[in-house]
Amino acid sequence: MKKINIMFFGIILICLTLFIISFELEKDSSSGESDKTVNIFNWGDYIDPKLITKFEKQTGYKVSYETFDSNEAMYTKIKQGGTAYDIAIPSDYTIKKMIDNHLLLPIDHSKLKGLGNIDSKFLNLPFDPGNKYSLPYFWGTLGIIYNDKYVKASEVKHWDDLWNPRFKNSIMLIDGAREVMGLTLNSQGKSVNDTNVKDLQAAYEKLKKLSPNVKAILADEIKVYMAQDEAPLAVSYSGEAMEMMDNNKHLHYIIPEEGSNIWFDNMVIPRTAKNIKGAYAFLNFMLEPKNAAQNAEYVAYATPNKAAKKMLPKSMQDDKVMYPTNKTISHLEVYDALSQKNLSKYNDLFLQFKMH
Amino acid sequence: MNTKKRHYWRNLYLIVAFLILYLPIFYLIFYSFNSSGGMNHFAHFTWAHYQEIWSDQRLILITVQTFFLAFLSSLLATIIGTSGALGIYSVRNPQVRTLILGLNNILLVSPDVIIGSSFLIFFTVLGIKLGFISVLLSHIAFSIPIVVLMVLPKLQEMNSSFINVAQDLGANHWQILKGVILPIITPGMIAGYFMAFTYSLDDFAVTFFVTGNGFETLSVEIYSRARQGISLEINALSALMFLFSLVLVMGYYFISKDSPKGKRKDRKAQQNLIR
Amino acid sequence: MKAKGLYFSSYVLWLLLFVLAPVALILYQSFISINGNFTITNYENFFKIVAYLRMTFNSVFYAGLITLITLLISYPTAYFLTRTKYKQLWLMLIILPTWINILLKAYAFIGIFSQAGPVNNSLEWLGLGSHQLLFTNTSFMLVAAYIELPFMILPIFNAIDELDESLINVSRDLGANKFQTFWNVTFPLTLNGIKSGVQVVFIPSLSLFMLTRLIGGNKVITLGTAIEENFLVTQDWGMGSTIGVILIAAMILIMFLTGEKKRRGR
């Protein structure tokens, strides 16, 4: 009994201490009344923390910053309500889905300053015509990463090259049904948004033949693996590729010219937002070229803000991985938001491929 | 000679077991001093990642909150779980007992996403504001079954004649609980507490779904940061946390060192009394 | 009886709010098809599509193996630990590694098992050459067993530690050798600890999903992966719930079977 008492009061004491510390810490950082706080829901490590401090100083708002690790998880949370996020940063197809389900508030363009800084080719895209609900934050592409120690540049030019029998057990694929099915469809001259049952079945048949070449199907950890020479080839996003190439000089990134995916992460205002004024303040803050440039330099993803791009270091501006030529971009497609049924079809086929 | 040799093998086995258990942790700590980005090539020794933590207010706050949550939720879970175990123990009908145990284990078998999303729906229906309270409730909820599983075997091993003797001696319910049952199930409760603490620290999916209004735990932060690759700052933080827990565990052990002996004597005395 | 009800009530309240209510919710959802109708198509699909059945088999098979490996390593560890001087301290040091985030430990293993990692380096140094260690079923099971190890050691340690020394002495006095004593006295008396250890390890192993991807490279697909995918990627909560319901039903069935046996044994 004595022992239990010691433990019990010890734990209570620890709890109290921790509570006081966290209270003290919170006092000088975030939280307060809802009209003074801007709730931001973003991917982890997707903003320069110094920008948040700057925003707080400039506008007098406090920022409460929360992170998510997938579009779908974020979607579930916003749809369910419960918390009021003033700003969220989902990707293209999720934005479409959120618009269709009336989860977003329209953005009043007259309240924006510096919309002209955004490159017009990243505006008015099919997932959000006229940018009624979203503003571009970062963008990127899907492509092939290869290690020049094991693979010659001439050997990987097209998606079809992945099927080369020489690459037995050497490809790491990104764990996404849209991505893997999409690249197969691309290799067959089809669109990444194809929903024709026959085309999908044909793609699956072709994908099955890729199995012997696949070493693993992974997510974020691909970059760790590629950086440590674990595989000669990978299919992943440009942002990830940049990260890997920083850590391993032998890696290169290409976008097959027959087509691929281009993706956008845009800022939106969820319907449940409480502090609309604060949300606009944040949008305008991020439209400012100086801030967008600082963010792009920190996160190392491609900024859609053309004025900001000009402020980046020369080497970053000329980087073909981050900023492919207009000709390449013209071949790229954004993922459409598929209907539940078609999405299931994609996922079922992909699951069967994984089990193969 | 013979026993000495046997001790040698025994110790060797334990040393190897401990080495394996601690290998990944030492690996993490080792690379927290790495000046280059990742966890594969060690370039130069540096303290830079530790300095990063110091300037990262947000990370410090999250760490403190995570520990506060873990200590508190496991304490409450241990209390409720122990009373649950006592209750289950007192249920005489074996079928009812297995049924309750089956229900008890549901949260253990359910994948985190299911628990997380159903709790989310549940909290929104009840109108509970997402944030610290909802996370605390969820952590208590998913830690209770493990406490029950740790405490119940202790109760079952308990010689029921203890209770009968105590009752014959005129002890009331509370006295029996305090004087006879609790000392016997203490190890189970401590084990349950530690497990609950572990579950709370480790959980990502459930916390993600039920949190809100700026409250975050360390694992949610680590998981979402992993999108950009694990930064060695997180390694450094883990190294510090590890050292801190080590000191805590050692400290706790040496403070409470005298009591186990006393406890054992008590129990021997009890057993003698009963025999 | 009154007092009993008092401390039982908080637990019963928990059962109602956090177990029965969510289960009811999941059960309801499992009958909602992808088109939003109330049907049993999800269950039909589960038993009709070969992929799901194979996944179920895989999950049970790998969870069983992981539990077995964990048990084989844990029992001697727990047994030897009870015979050390500062056993409570050592026990806490066994638990300590679980407080480091699992994702971080997984990333550490990625480094350790990599082509140029310490394991391959030592293999090469021993003249065995380097091997592909990651993305194999073996490495997946080993890492999973590593993660579960403390959860198995703890209950077994408690069971052995509680063992009445005098029983062992009696057995030795009666002329039984070490092995006989272990097999006939120690082992049966610690069965309860093993049972809770197995429960704590086997059940979560059925629905592992992170390690299957990080270490196993998605070569092994378990029920956990499928649920994860249905909830988060396809957003087909109906199918995800169906698999969840089947998992829960299987678990309750196992519990009933083992419970029954125990009673008959006594």
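Analyst: For "binding site", an unreviewed UniProt entry lists A:Tyr93. The model examined here is a predicted one.

A:Tyr93 belongs to helix H4 of chain A, which covers residues 92–100. Is this residue buried or exposed? A:Tyr93 is buried because 20 other C-beta atoms lie within 10 Å, and 20 is the number from which a residue counts as buried. When its neighbours within four places in sequence are left aside, A:Tyr93 is in contact with A:Phe127, A:Tyr335, A:Asp336 and A:Ala337.

Chain A is assigned a domain 1, made of 2–136 + 267–311, and a domain 2, made of 140–262 + 320–354. The C-alpha centres of these two domains of chain A are 30 Å apart. Between them, 11 residues of domain 1 of chain A are in contact with 9 residues of domain 2 of chain A. On the side of domain 1 of chain A that touches domain 2, there are 7 nonpolar residues, 4 charged residues and no polar ones.

Beyond helix H4, the loop that runs to strand E4 (134–147) of chain A holds A:His102. Although A:His102 is not a glycine, its phi is positive, at about 55 degrees. A:His102 is exposed, because 8 other C-beta atoms lie within 10 Å. A positive phi also occurs at A:Asp45, a residue other than glycine, with a value near 55 degrees. A:Asp45 sits in the loop between strand E1 (37–43) and helix H2 (49–59) of chain A. With 18 other C-beta atoms within 10 Å, A:Asp45 is partly exposed.

Chain A also meets chain B. In this interface, 42 residues of chain B are in contact with 42 residues of chain A. Several helices of chain B each supply at least two residues of the side that touches chain A, among them helix H5 (112–126), helix H8 (173–202) and helix H12 (258–274). Helix H3 of chain B gives the most to that side, with 11 residues. The residues of the side of chain B that touches chain A comprise 19 nonpolar, 16 polar and 7 charged.

For chain B, UniProt places the feature "domain: ABC transmembrane type-1", from an unreviewed entry, at residues 63–252. Over this stretch of chain B, the chain is 84% helix and 0% strand. The end C-alpha atoms of residues 63–252 of chain B are 21 Å apart.

Note on methods
Residues numbered from 1 in each chain as written. Chains lettered and ligands numbered in written order. Predicted model: local features only at pLDDT ≥ 70, side-chain atom pairs only at ≥ 80, totals over all residues. Contact = placed C-beta atoms within 7 Å. Helix = DSSP H or I, 4+ residues; strand = E, 2+ residues; numbered from the N terminus. Nonpolar A, V, L, I, M, F, W, Y, C, P; charged D, E, K, R; others polar. UniProt positions renumbered as here; feature names shortened; annotations may be inferred. Buried ≥ 20, exposed ≤ 12 C-beta atoms within 10 Å, placed from the backbone. Domains from an automatic or database assignment.
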